[in-house]
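Hello,

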Amino acid sequence: MWGVTARHPSEFKCWFFATGGDKAKMRLNQLQYELPLQLIAQEPALRRDAGRLLVLDRHSGQTRHRSMNDLPDVLPRGCTLVMNDTRVLPARLSLRRRSGGKVDGLYLQENLPGMWEVMLTGAARVKPGEELLVEGSKRKLRLHKRVEAGVWRAEPVPGGEAATILAEIGRPPLPPYIERKGIVPPEQTARDVERYQTIYAANPGAVAAPTAGLHFTPELFRRLDEAGIARAMVTLHVGVGTFAPIRCEDLADHPMHAEWYSCPAATADVVNAARTQGRPVVAVGTTSVRVLETCADGAGRVQAGEGWTRLFIYPPYRFKAVDAMITNFHLPGSTLLAMIFAFAGRENVLAAYNEAIERRYRFYSYGDAMLIRDGLPE
């Protein structure tokens, strides 16, 4: 099991890297759609499994409108669910300079013992050696070196285990489109701590939630078990790059962010058995897709392993290990939307998104979900 400390990609001789293929097949302007701002969910549904579920036939583009609670009835028969068990760290930090200036921080990783990488906003004038004060705490963050634009190597003072320190001083790393303005009431923070985390989260290391998994409850798991639907776990520590917009007009030029993954041998065995027996493999979330496709060979056989993946999936990518997926609705211009286009076709996905907008579905991390599969349930 992987903890908070993740080794840096440069320590590994082999990275997994792949792209969708032909440069001419997908341009940035093809990843756009218009979304009314009021459809960006600011709060989760009252119950995790109460969200809406748009079921999309990836080939015909036909749709059905159900709820997440209907999932056992609309999944392909005999399928296996593959889920990402990463645990989100309380990585958001409220910092101040000694002059009083406010700085927002986001813990990214600990590459060396006691040395963090943090993303800082509002820190244009900070300098190496400066100490930022952690609001509401006696702790400080001593800056050592700027790694790249907006990212610093920093040392928590006093030191200690990253997980322990973050549990003391950090807040849920909600994405920027979920607004928590001013002084956030403790009950709101407590609600975000609970709901911006899957109920099966086990391996700490993510700075963003695998949001398709937020819809699952113990009751839903019980009903899936009764329906004979198997489950297996992978780990992918979702990084801040998941929110980074594509800025290259040609998608082939986009520098894909690296994320740490692990596919246990038991999961590889379950997935390979399902594929051998002709049972569909359903990835819960784009993060699970990324792990399975990273670990699959040309014949679709999944190999156990761990490391850093830079896999960028966009049209005309050929999927090797995933037959269906459950996913939330994604931002325009994002690598995640490019993956969905590759899986179900740009026209089909955009038509489904427009239908969801017309029916007032809730979008993004705290929003509703899609099941993309072959055919539609009877």
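Glu131 and Arg142 form a salt bridge, with 2.8 Å between the closest N and O atoms (a side-chain nitrogen of Lys or Arg within 4 Å of a carboxyl oxygen of Asp or Glu). Glu131 lies in strand β8 (residues 131–134) and Arg142 in strand β9 (residues 140–148), so the pair ties together parts eleven residues apart in sequence; helices (H or I, at least four residues) and strands (E, at least two) are DSSP runs, numbered from the N terminus. Glu131 is buried at 16% relative accessible area, while Arg142 is partly exposed at 29% (buried is under 20%, exposed over 50%, partly exposed in between; 1.4 Å probe, protein chains only). Shared partners join Arg98, Glu131, Lys140, Arg142 and Glu155 into one salt-bridge network.

This is a predicted model: local features need pLDDT of at least 70, side-chain atom pairs count only at pLDDT 80 or more, and totals for chains, interfaces and linings use all residues. Residues are numbered from 1 along each chain as its sequence is written, and side-chain values use heavy atoms, leaving out hydrogens and water.

The salt bridge count is 22. Among them, Asp192 meets Arg180 at 2.9 Å, N to O. Asp192 sits in helix α3 and Arg180 in the loop between α2 (162–169) and α3, twelve residues apart. Asp192 is buried at 3%; Arg180 is partly exposed at 22%.

There are zero disulfides in the whole structure (cysteine sulfur pairs within 2.5 Å). For Cys79, the nearest cysteine sulfur is that of Cys263, 17 Å away. The Cys263 sulfur is 4.5 Å from its closest counterpart, in Cys295, too far for a bond.

Regards
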